[in-house]
Amino acid sequence: MKLFAGRRKRTLSMMMLVGWIVGGTACQQQETKVKVYAAPEGIELSAAYQVTVEGQEVPIFKTKVATKDPVPRLNHSRSKFGFASFGSFDMGAEAVQVTVTYPKPVDSVKILPSSFGIEPTIAGNTVSFEVAQPQHLTIEFNGDWHESLHIFANPMEQNVPSPDDPNVIYYGPGVHEVTHVEVKDGQTVYLAGGAYLRAVVDPDEAKMEKVIGQNQTPPTFFLEGTNMTIRGRGIIDQSAIPKKKRRYTIFAQHSDQVSIEGVTIVDPSHWTIPLQASDNLHVDNVKIIGWRGNSDGVDISNSRTVLVENCFMRTLDDAVVVKSFPGKGEVRDIHTRKIVVWNELAHALSIGAEIHENVSNILFEDCDVIHDVGRETALRIYHCDDALISDVTFQNIRVEEARRLISGWIGKTRWTESEERGNVRNVLFKDIVATSAPIDTTLTGFQDGSDWKPYIIRDHASMQLIGFDEEHTIEGVIFDNVVLDGKKVTADQVTINEFVKDVSFE
């Protein structure tokens, strides 16, 4: 598959992936308008909000989020945090009415993403609005953007597996303690609505030497094989995992035809869903709220034909990121669409830093960045090693606040492992709409080298294209209808060095 058909035509076919995702799946008649799952006993719920959908009470959980203050990149304190609230329900084809009761009179309310166009009605301390289709909302009352309410409206489940199926690892409603689960060929892990999985440490655990990468602590769920699924409406909570025992939540390697769908993951202790050296992967309607260091959302490394869609991610590190480690295979045909990102610290949609094998055919499209409060860049190609990155598209993306909007960069950093540098070819930024946020001059980045250095501060969200030298360049970049603060971006707004060639603004 080619993202470029000729010089500038960019398409991405996901037919191979979609074929196995939907093949053999029968459409079922929606039986109800809305479905709400009861909270299991023993789980402390949030007292900040009361929510109903179509008159049914929705359990509202709470989980830690990053502090409201700027977070130091490499010296993150676990003693500073806030609490966000979240709840979910399933809905059919008809619109549903949601009401939220706040403890205080409501003077103002904001429902994000703004692109959804939801108009609330305020009556005292109650807000009501209509949800027309499955989507993930963040609701902010009286200007409090930090400890907000997240409402996840899921589609109705189809083809729910049977707990009696020998190929199903079934978690029913209630609280379950989980240490380490290995998922094998043909197996499905199912978390029913109302299931709450507490990830805990096995005191006798040993390192898993077969796990790719530096962290060989047994992941909560480990997938290696063919045709494996993790799905459902349950919650996975890693808050009981201490820092010294941190681990991946759902980790897939050397796998083919993997589907991860519907679950909510809170307080991940490390990368939440790393996908490495695998093919034909689908991450759909997963909700992630993380606040600890390195709590990335989905890390796609050395994999091919991957679709990430319909997700919500509020993470302290990269939300969706593409990487490639040495000797593990190329990366190609990666498609991310229709996700909502709250970028707490690092990058919303990005490639890098680690790029040792070639990366091609990458498409980020139709996504919303509702907050971008960190020190890094919302849309970024961050190349610190020696491979070729080519044919990358960022398209139809809304960024509601941007401090550092766009970056293409080749250089050496604290993450660099290769002696040689790489190249970047053919990048399209198309139909991007962003609003600049206030620039905080105390925030620094690490893209300029091993030392912490400030970004160039302008009166608008920063954009840059920086090549390394005459042999390691960025070439073929198009800004097509990139709109910042209501105006199309022009060349004078982008920092471009002499090692960048063939840049156009349309």
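Figure 1. Among the protein chain's contacts between residues at least 6 apart in sequence, 74% join residues at least 24 apart. Keep in mind that this is a predicted model. The chain has 1 helix and 44 strands, and 59% of its 506 residues count as buried. Its accessible surface comes to about 19600 Å², with 47% of that belonging to carbon and sulfur atoms.

**Figure 2. An open sheet of 11 parallel strands.** Follow the order β14-β17-β20-β23-β26-β29-β32-β34-β36-β40-β43, with parallel pairing. At the edges sit β14 (181-183) and β43 (495-496), each of which pairs on one side only. Zoom in on β14 and you'll find its parallel pairing with β17 (residues 221-223), made over 3 bridges. One of the partners to look for is L223 in β17, which is bridged to V183.

**Figure 3. The largest nonpolar core, seen around F221.** This core has 76 residues, and those with the most contacts inside it are F221, I273, L275, L349, I351, F394 and L405. Strand β35 (residues 388-402) supplies the largest share, 6 residues. Leaving aside residues up to four places away in sequence, F221 touches Y171, V178, V181, V189, L197, I230, I236, T249, I250 and F251. There's also a second, separate core of 26 residues, and Y49, M91, F141 and L149 are among its members. In soluble globular proteins, nonpolar side chains tend to be buried together.

**Figure 4. Strand β2 and its two partners.** With β6 (residues 96-101), β2 pairs in the antiparallel sense over 4 bridges, and V51 stands opposite V100. With β3 (residues 56-58), β2 also runs antiparallel, joined by 3 bridges; this time V51 stands opposite V58. The hairpin of β2 and β3 has 2 residues between the strands, and E54 takes a positive phi near 50 degrees there.

**Figure 5. Y49 and its two aromatic partners.** The model's count comes to 19 aromatic pairs. One of them is Y49 with Y102, a tilted pair at 5.8 Å centre to centre and 35 degrees between the planes. Y49 lies in the loop between β1 (34-35) and β2, and Y102 in the loop between β6 and β7 (109-112), so this pair ties together parts that are 53 residues apart in sequence. Elsewhere, ring pairs link F61, F86, F152, Y196 and F312 into a cluster.

Figure 6. The structure holds 0 disulfides. Which cysteine sulfur is nearest to that of C367? The sulfur of C311 is, but it is 9.6 Å away, and a disulfide needs the two sulfur atoms within 2.5 Å. C367 counts as buried at 1% relative accessibility. C384 is another buried residue, with 0% relative accessibility.

Key
Residues are numbered from 1 along each chain as its sequence is written. This is a predicted model: local features need pLDDT of at least 70, side-chain atom pairs count only at pLDDT 80 or more; totals for chains, interfaces and linings use all residues. Side-chain values use heavy atoms; hydrogens and water are left out. Buried means under 20% relative accessible area, exposed over 50%, partly exposed in between (1.4 Å probe, protein chains only). Contact means heavy atoms within 4.5 Å. Accessible areas come from the Shrake-Rupley method with a 1.4 Å probe; for residues, only the protein chains shown count as cover. A nonpolar core is a set of buried Ala, Val, Leu, Ile, Met, Phe, Trp, Tyr and Cys residues joined through side-chain atoms within 4.5 Å. Two strands pair if DSSP finds at least two bridges between them. Rings of Phe, Tyr and Trp (its six-membered ring) pair if their centres lie within 6.5 Å; planes under 30 degrees apart count as stacked, over 60 as edge-to-face and the rest as tilted.
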